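Hi,

Here is the structure I said I would pass on to you. Have a look at it first, then read my notes below.

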Amino acid sequence: MQWRQVNNSLWLTNQSVRLISLLLNSYEKAFDESLLSSSSNKIKSNRHKAAILFTMPHPVIAHDNAKDPCIKYANAAALHLWSRCWDEMIGMPSRLTAPEKERAKRQEALLNVSEKHVLENYEGVRVNSKGDYFIIKNARIWTIWDEHNMIYGQAATFADWCRI
């Protein structure tokens, strides 16, 4: 997908671009590397970085810091995996990404991230909008920090998953 084709999308609002900037900066702080490819690191425009993140081949998803966190960002790979469009995914309680019987394990991992601000090699069962189950493997979860060093929420990315 080329930059011109994705230039006027819902995920390119000022609010989404700000969140993506926070997400990328927080990832680099957590893992001491960029979430984007090394060639993308030279790009200065946050909107262009947002386009690159949205079209990455592996899912990236983020939720806010509410008591019952809601999804605030999902790239195209995440939307596809969870079989949802942007309007269905954004604002949805993030607990609904996991089947009910797996939510306690998911919550335990997120509490761990709340304390340590980073988690690697996470594995968990998830469910999409069609009721299909899949396992995410080797996920990285991290705290998203805002411009004032306050916690905005949490994000996750993973390249490995399989249907079950």
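This is a predicted model: local features need pLDDT of at least 70, side-chain atom pairs count only at pLDDT 80 or more; totals for chains, interfaces and linings use all residues.

A definition before anything else: the helices (H or I, at least four residues) and strands (E, at least two) are DSSP runs, numbered from the N terminus. With that in hand, His 117 sits in the loop between helix H5 (103-116) and strand E3 (118-127).

Residues are numbered from 1 along each chain as its sequence is written, and side-chain values use heavy atoms, with hydrogens and water left out.

As background, most residues other than glycine have a negative phi. His 117 is partly exposed, with a relative accessible area of 25%. (Buried means under 20% relative accessible area, exposed means over 50%, and partly exposed is in between, using a 1.4 Å probe and protein chains only.)

Asn 149 also has a positive phi, of about 60°, although it is not a glycine. You will find Asn 149 in the loop between strand E4 (133-145) and E5, and at 48% relative accessibility it counts as partly exposed.

**How two helices pack**

At what angle do helix H1 and helix H2 pack? H1 (residues 14-31) and H2 (residues 46-54) pack at about 75°, and their axes are 9 Å apart. The axes are lines fitted to C-alpha atoms, for helices over the stretch in contact, and angles run from 0 to 180 degrees between N-to-C directions. H1 and H2 are therefore roughly perpendicular to each other. (Under 35 degrees counts as roughly parallel, over 145 as roughly antiparallel, 65 to 115 as roughly perpendicular, and the rest as oblique.)

On the H1 side, the residues that meet H2 are Val 17, Ile 20, Ser 21, Leu 23 and Leu 24. On the H2 side they are Asn 46, Arg 47, Lys 49, Ala 50 and Leu 53. (Contact means heavy atoms within 4.5 Å.) The residues of this contact divide into six nonpolar, two polar and two charged. (Ala, Val, Leu, Ile, Met, Phe, Trp, Tyr, Cys and Pro count as nonpolar, Asp, Glu, Lys and Arg as charged, and the others, Gly among them, as polar.)

Ala 50, Ala 51, Ile 52, Leu 53 and Phe 54 in H2 are buried. The buried residues of H2 pack against H1, strand E1 (60-64), strand E2 (71-74), helix H3 (76-81) and helix H4 (86-89).

**The core**

Which residues have the most contacts inside the largest nonpolar core? They are Leu 23, Leu 35, Leu 53, Tyr 73 and Ile 144, in a core of 47 residues. H1 gives the most to this core, with eight residues. (A nonpolar core is a set of buried Ala, Val, Leu, Ile, Met, Phe, Trp, Tyr and Cys residues joined through side-chain atoms within 4.5 Å.)

Leaving aside neighbours within four places in sequence, Ile 144 is in contact with several residues, including Leu 19, Leu 22, Leu 23, Ala 62 and Tyr 152.

- Thr 157 lies in strand E5 (residues 151-157) and is buried, with a relative accessible area of 6%. A polar atom of its side chain lies 2.8 Å from the backbone oxygen of Pro 59.
- Ser 16 lies in H1 and is buried too, with a relative accessible area of 8%. Not counting residues up to four places away in sequence, Ser 16 touches Leu 10, Trp 11 and Trp 86.
- Leu 10 lies in the segment before H1 and is partly exposed, at 48% relative accessible area. Leu 10 and Asp 87 are 77 residues apart in sequence and 8.8 Å apart in space, C-alpha to C-alpha.
- Ala 30 is in H1 and counts as partly exposed at 30% relative accessibility. Its C-alpha is separated by 9.2 Å from that of Ile 144, 114 residues apart along the chain.

Key:
A polar contact is a pair of N or O atoms within 3.5 Å; within protein, one must be able to donate a hydrogen and the other to accept it, and residues adjacent in sequence count only if both atoms are side-chain atoms.
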